[in-house]
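I opened my notebook to look up a few things in this one. Here is the structure, and my entries follow.

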Amino acid sequence: MNLILLGAPGAGKGTQAEVISDKLGIPQISTGNILREAVKNGTDMGVKAKGFMESGALVPDEVVIGILKDRIAEDDCKNGFILDGFPRTVPQAEALETMGVNIDKVISLEVADETIQGRLSGRRVCEKCGASYHVEFNPPKTEGICDKCGGNAVQRKDDAPETVIERLRTYHEQTAPLADFYDKKGKLVKVQGQDEVKATSELVLKAVNA
Ligand code: ADP
Ligand code: ZN
């Protein structure tokens, strides 16, 4: 099954993608995590992407499309995958079609902008494996330490309040139109993402299995 998780920054795409990934045994592909890794390692791509990410803008389409194409060509994707944070623009969605990727379902996590700020300010992300946590709603067992790999769970630079405002603006302008894009193809399923993580996971799994 090939799935897309759509939603604003902080809507819980990463968290829910992990849940589906565990349940269905298909990989979660987060372009954000891949880009952060590239920035951390100082690769050419990372150097190019850094400024866009830190200002709350999108990384250029051709860069992320290239990343995604390489990633889904890997062996572990042959039974399906969950895209978390891709596509983020209509040209990215069109690129998936050009690549011949058939998307089964697009789960849109619906969360109001007012909720986003609190979620992002409390968010912590593992430096090593990218797993995401929240100090209040989804804390790791040991403060600051990733449950999965023992790495450090830290705050992301772009979760600073000024950058969050810019990311939300970018989202409404460039990414939100994708809901309509996939709705017209009959693939969009809206899921209420305002409640706690577990309640949302149940709704998401129901939508995936429906
Ligand atoms: P979130 O969903 O919390 O905003 P991500 O981890 O998915 O964050 O992405 C972080 C940043 O990486 C984005 O703000 C953007 O700059 C860049 N990025 C990630 N995925 C894409 C994409 N598909 N297209 C363009 N930029 C992307
Ligand atoms: Zn980790």
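How are the donor residues of the zinc ion (ligand 2) spaced in sequence? I read the pattern as C-x2-C-x16-C-x2-C. A reminder to myself before going further: this is a predicted model.

**Entry: the zinc site.** I looked up the donors and found the SG atoms of C126, C129, C146 and C149, which coordinate the zinc ion (ligand 2) at 2.3 to 2.4 Å. Next I checked the geometry: the four donor atoms subtend angles of 99 to 116°, so the arrangement is tetrahedral. C126 counts as buried because its relative accessibility is 3%, while C129, at a relative accessible area of 40%, is partly exposed.

**Entry: ligand 1.** I found 18 residues surrounding ligand 1, and the closest are T31, R36, A57, G85 and R167. Then I went through some polar pairs. R36 places a polar side-chain atom 2.9 Å from an oxygen atom of ligand 1. For R156, a polar side-chain atom lies 3.2 Å from an oxygen atom of ligand 1. Q92 has a side-chain N or O atom 2.9 Å from a nitrogen atom of ligand 1.

Note on methods: Residues are numbered from 1 along each chain as its sequence is written. Chains are lettered from A and ligands numbered from 1 in the order in which they are written. This is a predicted model: local features need pLDDT of at least 70, side-chain atom pairs count only at pLDDT 80 or more; totals for chains, interfaces and linings use all residues. Side-chain values use heavy atoms; hydrogens and water are left out. Donors are N, O and S atoms within 2.8 Å of the metal (3.2 Å for Na, K and Ca); water is not among the atoms, so sites may look incomplete. Four donors count as tetrahedral if all angles lie between 85 and 135 degrees; four count as square planar and six as octahedral if opposite donors are over 155 degrees apart and all others between 65 and 115; anything else is irregular. Buried means under 20% relative accessible area, exposed over 50%, partly exposed in between (1.4 Å probe, protein chains only). A residue is near a molecule or strand if one of its heavy atoms lies within 4 Å of it. A polar contact is a pair of N or O atoms within 3.5 Å; within protein, one must be able to donate a hydrogen and the other to accept it, and residues adjacent in sequence count only if both atoms are side-chain atoms.
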